[in-house]
Structure formats: C-alpha cells, structure tokens
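User: Please take me through this model by question and answer, giving the cut-off behind each term as it comes up.

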Amino acid sequence: MNTETRVLEPGQIEAPAGQIPFLRLARPDVFKQRAERLLQLSLGDSQGGHSIGGYLALLATLAQAQQQALDHFPAAPLPTPEQQALCREHGMPVLGAQAWPRDPSWRGVLKTILQHMAAAPLTAPASAVVARLMQTGGTELESIASKLLAGDLSDVDAQDMPFVAAALQVYWVRMAAELGEHAFGKLEQGGLCPVCGSHPVAGIVRVGGMEQGLRYLCCSLCATEWHMVRIKCSNCESTHKINYYTLENSNGAVKAESCNDCNTYLKLLYLEKDSQMEAVADDLATLALDVLMGETGKVRGGLNLFFHPGSAQV
Amino acid sequence: MQVTRRQFFKICASGLGSSSLAMLGFAPGEALAETRNFKLARTTETRNTCPYCSVGCGILIYGLGDKAKNVHTKVIHIEGDPDHPVNRGTLCPKGVGLLDFVQSPNRLKHPEYRAPGSKEWKRISWDEAFTRISKLMKEDRDKNFIDKNKDGVTVNRWVSTGFLAASASSNESGYITHKVVRSLGMLSFDNQARV
C-alpha cells in the first residue's frame with residue numbers, strides 16, 4: 001500500500017447518530033477508578049468482609065501506584081505512521097502485545113510502582129517480592145514480560161505477575177492514549193483487543209442513553225473497550241449454544257457467558273444491576289464464579305493479569 | 001493472527017494454593033469455603049424478532065431455568081436488542097408489553113374454530129384445521145380461478161382468496177410463503193399482522 005495516499009482513517013468521519021461507537025480507549029484516570037473500586041470491594045458488603053478482601057486491598061494499592069506512574073510517564077517511542085497503516089491494512093493490532101518491541105521505559109514504570117508499594121504496608125511475602133523485583137535485572141524482567149504477554153503462565157511466577165503486569169499495563173495505556181482512537185481499526189478477530197491484540201479480561205454491558213445494553217469487551221492489558229454484539233462467544237464468535245451462569249440468589253450483575261462450541265466462558269458485568277462495577281476489580285471479586293465454572297469443565301477465555309491461577313492449568 | 005491456547009486456563013480450587021492470592025500471603029481458605037456455599041444458576045439470553053409488525057424490531061429474551069435438568073425454562077424479561085440496526089434497543093409500547101403477551105392466560109396455543117353465526121370457539125386438532133383450510137381453499141379456487149382474461153391471454157389468477165403471513169418471518173420463510181401462495185395463483189398476500 002502506498003502510505004503517501006491520503007485515505008480517510010477510521011474516526012475521521014463523524015459517526016452518524018445511531019451508529020455504535022466501536023472503540024473506547026482507557027480514560028486518563030483508569031487506574032484511579034480501578035483502585036477505588038478494588039478498595040470498595042475489599043471492604044466487603046453488609047453481609048461482612050470480602051473473602052479475598054486482603055488481596056483486593058493490596059491490588060488497590062497497586063492500582064494507585066499505576067495511576068501515579070501513568071501521570072508521570074515520559075513519552076515513549078510509538079509506531080511510525082507507515083507501521084500503523086500497515087497494521088490497519090492487514091487487520092493487525094498496531095501495538096501488538098507480543099510483536100511490539102518494548103521500550104525500556106516500562107521498566108522505569110515498574111520501578112516507580114515498586115517504590116510506591118515498598119512504602120505501603122504489605123504482607124511479608126508481598127514485601128519480599130517487591131524487594132526482589134527491585135533488584136531484578138533488565139534482561140530477566142524482559143523475559144518475564146515476554147512470557148506474560150504471550151500468556152505463557154506456566155513459566156511466570158505467580159508472585160511476580162501482578163507487579164510486572166501492572167507496569168506493562170501503564171506502558172500500553174500510555175502508548176494507546178498517545179496514538180488516539182483514530183489510529184486503530186477493527187481486527188479480523190472480534191474477540192481480541194484492536195489496540196494490542198490481547199484477550200479481554202471481561203465484558204461490560206453498558207447502561208444509559210446511546211450505549212444502553214451494548215456489550216464492550218475490556219482489554220486485560222491496555223483497558224481499551226471495544227464493541228462486540230451480544231449473545232456471541234467472545235472467543236470463537238459462535239452465536240448458538242451460549243449460556244449464562246450466575247451465582248444462585250445473586251442479583252445477576254455478573255454472569256459467565258459460556259460457549260459449548262469452544263468450551264470457554266467470559267464474565268459479563270451488567271452495569272444496569274450495579275453501575276459501580278469495573279472489569280478487572282469485579283472480575284477478581286467474583287472468583288467463586290470462576291471456581292464453579294471450572295467445576296463444570298469450562299475454561300476461562302481471557303486473563304486477569306492481577307491473578308495467576310496457580311499450577312492447575314489446562 | 002495466531003491465538004495461542006495457552007491463554008486459556010481453568011480456575012480450580014486445587015490451584016488456588018499456588019495462585020497469586022496465596023503466594024502473596026493471603027490464605028485462600030475463606031474463598032474456597034465460600035465457594036461451597038454457592039450454586040450456579042443457568043440463565044439464557046436469546047435473540048429474536050418482535051412478532052407484531054413489519055418493522056421487525058430485534059428483541060432479547062431473558063430466560064431462567066436449566067433445560068438439562070428437565071426444568072421448564074421461564075421467560076423472565078424481554079427488551080429491545082441494542083445491536084439491532086432497525087431499533088437499536090428501543091421498542092414501541094406493544095413491544096415493551098411482549099412479556100405479558102408471552103405469559104398471557106388468553107394466549108392462543110392451538111387451532112380453534114368458530115362456525116359462521118356461532119359465538120363459541122371450539123378447539124380442533126391441527127389435522128382438522130389443515131384439512132378444513134385446504135378443502136375450502138380448493139373449493140374456492142376451483143370455483144373462482146381465472147385462467148384467461150377476456151382477451152384470451154393466459155393469466156392464471158385466483159383473486160377471491162387472500163393470505164396473511166407473519167411479520168416476524170425471516171427471508172427464508174418469506175421466500176417459501178411467496179412460492180406457495182403465488183404458485184396457487186393467489187395475488188393478495190401480506191406480511192403485515194399489525195393491523
């Protein structure tokens with residue numbers, strides 16, 4: 001393709017009223033919102049404390065550190081307009097999680113985050129991990145990051161994962177924000193993030209106005225939200241044999257959308273039932289639903305980078 | 001694009017002991033105990049088309065119940081399909097009332113017949129209904145079929161009977177309706193059930 005030619009890019013034409021907005025990049029305060037929600041969930045509800053409240057509180061601190069790092073992140077190299085055009089032409093993510101050559105500045109982000117964490121009250125194992133990661137060399141950090149971004153969790157330490165992932169999330173959110181929404185087009189695979197090609201952490205069924213009832217998938221890495229039609233498997237895009245599972249006697253705000261064709265599920269958060277919900281936080285806070293879905297033999301169709309599920313992987 | 005299956009994993013109770021949760025100093029015991037107190041409830045969401053009029057609005061039907069366990073699935077909610085290009089999640093007052101329509105005790109569930117002059121509806125079998133309809137159609141067609149007009153041109157018309165099909169029909173059932181009705185020579189048919 002001749003990149004000199006001025007072709008109108010997605011987003012340059014104003015969407016007519018009634019057209020479904022396809023993409024929404026993470027807001028500048030995405031990690032602040034996440035931290036607040038994690039903290040709120042960690043306190044539990046009127047029935048008592050949350051069963052993993054301590055862990056959610058730790059992650060709330062981590063998300064606060066992410067916000068701080070994002071606010072002070074220096075500019076990092078971005079794909080050239082030619083690279084961007086090439087990616088769009090071939091339906092590839094412009095900032096592919098595995099393909100994009102990471103700038104070392106993400107390790108600076110990690111350092112900022114670890115410093116923030118070191119100053120916070122932590123459990124002994126968490127303190128030890130923070131101290132260890134502070135001393136870990138660049139080559140090893142890059143190796144952890146590569147395995148993590150490849151989704152190769154068997155080789156990723158469950159302790160390291162949330163911290164390293166936190167830094168990578170900040171780095172990707174920043175790059176996506178620098179490029180802006182118009183830089184990204186649709187991918188061939190509707191279930192992968194149009195920005196970085198990652199799997200979603202969860203889906204969000206929106207509420208209010210133009211967006212009422214629309215489902216957006218939320219990227220596990222860069223927190224981008226992209227539209228996907230309801231009642232469709234976010235993994236294999238099948239539209240039949242889709243079932244929804246919820247915890248009995250719950251208000252139905254979180255449902256696992258499962259597909260019998262590819263045997264996966266992904267949680268959907270119905271904002272109509274609870275408008276405070278946030279993808280990463282509420283996904284973790286409903287771990288019981290994952291365990292029960294696991295017992296039915298279903299496999300999760302997306303990662304939560306704040307949670308390594310342990311050694312019993314499929 | 002390559003999608004690796006490695007991204008997919010099961011979250012198992014047995015794995016939680018080596019998960020990030022446990023490895024960062026939080027005992028998973030309470031979370032596991034809690035899990036045993038919960039059960040899964042199966043619900044369904046089904047895409048369909050409003051049966052009322054020819055606008056053909058998309059709807060989502062929410063159901064409750066586990067088909068596998070031989071429990072009757074109950075429709076609990078119906079709303080406009082937000083992704084549907086025609087109505088984008090909206091519904092007219094009749095569409096909004098669809099749940100009552102589905103659950104109405106007066107809903108027609110089998111063929112009924114009211115004889116001319118009678119006030120009584122009588123339940124009949126599908127076989128009786130089909131036989132009666134086809135018999136009357138044939139009778140009327142034999143009597144009123146026009147094969148040639150006054151100039152002697154072949155027209156093969158049957159104008160004394162009309163046909164009303166369903167507004168929520170798909171393209172395919174529209175095609176079949178057309179084939180059946182037109183091949184009998186019938187000219188009047190419509191898919192407008194609103195009026």
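User: Where in chain B does H84(B) lie?
Analyst: Helices (H or I, at least four residues) and strands (E, at least two) are taken as DSSP runs and numbered from the N terminus. On that basis H84(B) lies in the loop between β3 (74–80) and α3 (93–96) of chain B.

User: What conventions apply to the numbering and to the values?
Analyst: Residues are numbered from 1 along each chain as its sequence is written, while chains are lettered from A and ligands numbered from 1 in the order in which they are written. This is a predicted model, in which local features need pLDDT of at least 70, side-chain atom pairs count only at pLDDT 80 or more, and totals for chains, interfaces and linings use all residues, with side-chain values using heavy atoms and leaving out hydrogens and water.

User: Which residues is H84(B) in contact with, leaving aside its neighbours within four places in sequence?
Analyst: Contact means heavy atoms within 4.5 Å. With those sequence neighbours left aside, the residues in contact with H84(B) are G56(B) and G58(B).

User: How many salt bridges are there over all chains?
Analyst: A salt bridge is a side-chain nitrogen of Lys or Arg within 4 Å of a carboxyl oxygen of Asp or Glu. Counted by this rule over all chains, the salt bridges come to 25.

User: What is the N to O distance in the salt bridge of R230(A) and E45(B), and is each residue buried or exposed?
Analyst: The pair crosses between chains, from the loop between β4 and β5 (242–247) of chain A to strand β1 (residues 40–49) of chain B. Buried means under 20% relative accessible area, exposed over 50%, and partly exposed in between, with a 1.4 Å probe and protein chains only. R230(A) and E45(B) are both buried, and their N to O distance is 3.0 Å.

User: Why does E225(A) count as buried?
Analyst: E225(A), in strand β4 (residues 225–227) of chain A, is paired with R24(A) in strand β1 (residues 23–24), 201 residues apart. The closest N and O atoms of this salt bridge are 3.4 Å apart. E225(A) counts as buried because its relative accessibility is 10%.

User: Which residue in β4(A) is the bridge partner of L217(A)?
Analyst: Two strands pair if DSSP finds at least two bridges between them, and 3 bridges join β3(A) to β4(A), which run antiparallel. These strands form a hairpin with 5 residues between them, where A223(A) in the turn has a positive phi of about 60°. In β4(A), the bridge partner of L217(A) is W226(A).
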